[in-house]
Amino acid sequence: MPRRPDTEKQLDDRPLARLLRSHWLARTPRPTTRNIGEQLDVSHTTITRWLDGTLLPTVDQTTALADALGITGRARADLLHVAEWMNPRRGTPGLFGISHQTAEALELEKRATSIVEWSPLRIPKILQIDDYARRITGDSSDATDRAERQITLLSGQKTYEVFLGLPALTWQVGGANVMAKQVEQLIETLDQRSAELRLVSESSDWHNGQLGPFVLYNLEDRQGAVLIQHLGAVTLLTDREIVERYRGLRTELEQLALTSEETRQRLDDVLRELTNPSP
């Protein structure tokens with residue numbers, strides 16, 4: 001069994017090991033490191049070192065380990081994104097290539113006890129599939145950043161609450177096929193309870209959420225921060241009074257939002273319209 005790190009910080013600094021370990025711990029029944037080693041034709045001590053972060057597997061080794069653990073779909077794609085990012089041939093591991101603002105957001109995401117995101121007009125970055133993200137940004141250069149943040153927020157270790165405006169579903173970014181895949185991803189996220197996702201209908205009455213998107217990070221002892229971002233420009237708000245106002249806005253959005261069951265039904269309806277358009 002992989003030896004326990006002395007501190008959680010050790011794995012915080014090793015995103016690939018943290019992700020591999022989380023997948024390994026989630027297997028039922030959980031294979032032993034010896035079983036995995038026999039499948040991959042490597043020693044069980046090597047598997048242990050991959051899982052505790054003391055040895056970095058190559059992309060090919062990570063692919064083989066994903067096969068052994070039965071990791072498929074988006075989880076597999078995210079894992080391989082991180083493996084490519086951490087590969088020494090591509091540069092210094094860690095936060096190499098990530099902007100200072102994004103690094104600050106990552107640090108907040110690690111420290112937060114819960115996170116609330118309001119996105120009125122587009123799918124939040126954390127929940128975007130690759131094709132949708134490329135249509136939004138014009139390239140895929142931030143794929144590893146998105147994958148790392150998905151690891152942090154969708155692991156189930158903390159509450160990630162998303163309020164999503166209905167216009168985000170009616171604007172077909174990338175066309176019907178891309179949107180259908182994106183809505184399927186939202187349904188999967190809702191069904192697996194990776195995030196608490198609720199849709200907010202357009203309202204004729206004014207509410208402060210109409211001022212724009214935000215991410216609220218709730219920290220210990222009622223501390224908190226709010227991140228506002230538009231086209232790469234980032235503003236971080238930490239004043240307690242302002243943070244409390246955004247907490248009040250979160251309550252307002254909760255009152256306006258559809259229930260989880262209503263959200264699931266609306267997503268099903270949107271998916272049906274995308275895959276079977278009216279003649």
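## Ground rules

Helices (H or I, at least four residues) and strands (E, at least two) are DSSP runs, numbered from the N terminus. This is a predicted model, in which local features need pLDDT of at least 70, side-chain atom pairs count only at pLDDT 80 or more, and totals for chains, interfaces and linings use all residues. Residues are numbered from 1 along each chain as its sequence is written, and side-chain values use heavy atoms, with hydrogens and water left out.

## Two residues with positive phi

Arg193 sits in the loop between H11 and strand E3 (196–200). Its phi is near 55°. That is a positive value in a residue other than glycine. Arg193 counts as exposed because its relative accessibility is 75%. Exposed means over 50% relative accessible area, buried under 20%, and partly exposed in between (1.4 Å probe, protein chains only).

Asp41 also has a positive phi, near 60°, and is not a glycine. Asp41 belongs to the loop between H3 and helix H4 (44–52). With a relative accessible area of 73%, Asp41 is exposed.

## A cis peptide bond

Thr28 and Pro29 are joined by a cis peptide bond. Omega there is about -5°. Pro29 lies in a loop, with helix H2 (15–26) on one side and helix H3 (33–40) on the other.

## Glu117 in strand E1

Strand E1 covers residues 114–119 and includes Glu117. Is Glu117 buried or exposed? Glu117 counts as buried, because its relative accessibility is 13%.

Set aside neighbours within four places in sequence. Glu117 is then in contact (heavy atoms within 4.5 Å) with Pro124, Tyr160, Glu161, Val162, Phe163, Phe214 and Val215. With Tyr160 there is also a side-chain polar contact of 2.7 Å. A polar contact is a pair of N or O atoms within 3.5 Å; within protein, one must be able to donate a hydrogen and the other to accept it, and residues adjacent in sequence count only if both atoms are side-chain atoms. Leu164 is 47 residues from Glu117 along the chain, yet their C-alpha atoms are separated by 8.2 Å.

## Gln185 in helix H11

Helix H11 spans residues 175–191, and Gln185 is part of it. Gln185 is buried, because its relative accessibility is 6%. Which residues does Gln185 touch, not counting those up to four places away in sequence? They are Arg74, Leu127 and Ile129.
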